[in-house]
Amino acid sequence: LAEKNERQKCTYITNEIDIFDNQRVIRTKYDVISENIAIQLYSKGSKKKIVFGASLELGCASPHKTNRSKVMVMLENEDVITFYHSSKLDCGEFELWGNVSNSEIIRLKKSPIKAIKLTGTDYYDTVEQFEWPTYFIDQLKCFNP
């Protein structure tokens with residue numbers, strides 16, 4: 001039960017107003033949702049991003065049109081939402097920064113995660129076992145502190 005309550009809480013690393021542009025910046029801690037995937041929420045002003053960190057051999061996270069990395073999230077209701085890497089080329093730990101729209105947030109909140117397919121520059125992997133399949137349902141409210 002304690003774990004369920006923890007999952008309802010928003011744990012922020014950053015939740016402040018940027019003094020230069022007067023925009024709120026939010027960053028949650030990384031939450032582990034499966035053996036190889038952790039997710040962090042980030043926003044600045046009205047721009048929202050979901051950051052997928054993966055300890056898998058996928059190559060780089062690339063924003064380039066010819067070889068763009070992506071994460072596809074399939075929900076139990078069969079809805080599939082695709083996030084494309086929107087940050088710089090990253091060849092360290094696989095970390096994909098995907099923009100998320102308000103309509104996608106509504107869709108993500110409707111159903112638990114069934115599968116996540118992560119595609120890097122070299123390989124892809126599909127994860128179907130989740131310790132926290134209701135992550136989006138529990139945590140997307142954290143975009144609005």
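Predicted model: local features only at pLDDT ≥ 70, side-chain atom pairs only at ≥ 80, totals over all residues.

Modeller: Residues are numbered from 1 along each chain as its sequence is written, and side-chain values use heavy atoms, with hydrogens and water left out.

Colleague: How do you know that a disulfide joins C10 to C142?

Modeller: The criterion for a disulfide is a pair of cysteine sulfur atoms within 2.5 Å. The sulfurs of C10 and C142 are 2.0 Å apart, and the pair therefore meets that criterion. The two cysteines belong to distant parts of the chain, 132 residues apart: C10 is in the loop between helix 1 (2-8) and strand 1 (12-17), and C142 is in the segment after helix 3. Helices (H or I, at least four residues) and strands (E, at least two) are DSSP runs, numbered from the N terminus. The link of C10 and C142 is left-handed, with -85° about the S-S bond.

Colleague: What makes C142 buried or exposed?

Modeller: Buried means under 20% relative accessible area, exposed means over 50%, and partly exposed lies in between (1.4 Å probe, protein chains only). C142 has 0% relative accessibility and therefore counts as buried.

Colleague: Why is the disulfide of C60 and C91 called right-handed?

Modeller: The torsion about its S-S bond is about 105°, so the link of C60 and C91 is right-handed. C60 is buried at 16%, whereas C91 is partly exposed at 49%. The search of the whole structure finds two disulfides, and with the bonded cysteines numbered in sequence order the pairing is 1-4, 2-3.

Colleague: What makes the contact between D18 and K44 a salt bridge?

Modeller: A salt bridge requires a side-chain nitrogen of Lys or Arg within 4 Å of a carboxyl oxygen of Asp or Glu. The N to O distance for D18 and K44 is 3.4 Å, so the pair qualifies. D18 is in the loop between strand 1 and strand 2 and K44 is in strand 4, 26 residues apart. K44 also forms a salt bridge with D21, at 3.1 Å between the closest N and O atoms. D18, D21 and K44 are thus linked in a network of salt bridges. As to accessibility, K44 is partly exposed at 26%, and D21 is partly exposed at 35%.

Colleague: How many salt bridges does this rule give?

Modeller: The count comes to six. Among them is that of D79 and R107, with an N to O distance of 2.8 Å. It links D79, in the loop between strand 6 and strand 7, to R107 in helix 2, 28 residues apart.

Colleague: Why is T28 called buried?

Modeller: T28 has a relative accessible area of 1%, and so it is buried. This residue is found in strand 2 (residues 24-28). Its side chain reaches the backbone nitrogen of L41 at 2.9 Å; a polar contact is a pair of N or O atoms within 3.5 Å, where within protein one must be able to donate a hydrogen and the other to accept it, and residues adjacent in sequence count only if both atoms are side-chain atoms. Leaving aside neighbours within four places in sequence, T28 has contacts (heavy atoms within 4.5 Å) that include Y12, Y135 and C142.

Colleague: Which residues have the most contacts inside the largest nonpolar core?

Modeller: They are I50, V73, L108, L118 and F136, in a core of 31 residues. Such a core is a set of buried Ala, Val, Leu, Ile, Met, Phe, Trp, Tyr and Cys residues joined through side-chain atoms within 4.5 Å. Elements giving two or more residues to this core include strand 5 (47-54), helix 2 (102-108) and helix 3 (135-139). Beyond its neighbours within four places in sequence, F136 is in contact with residues including I50, V73 and L108.
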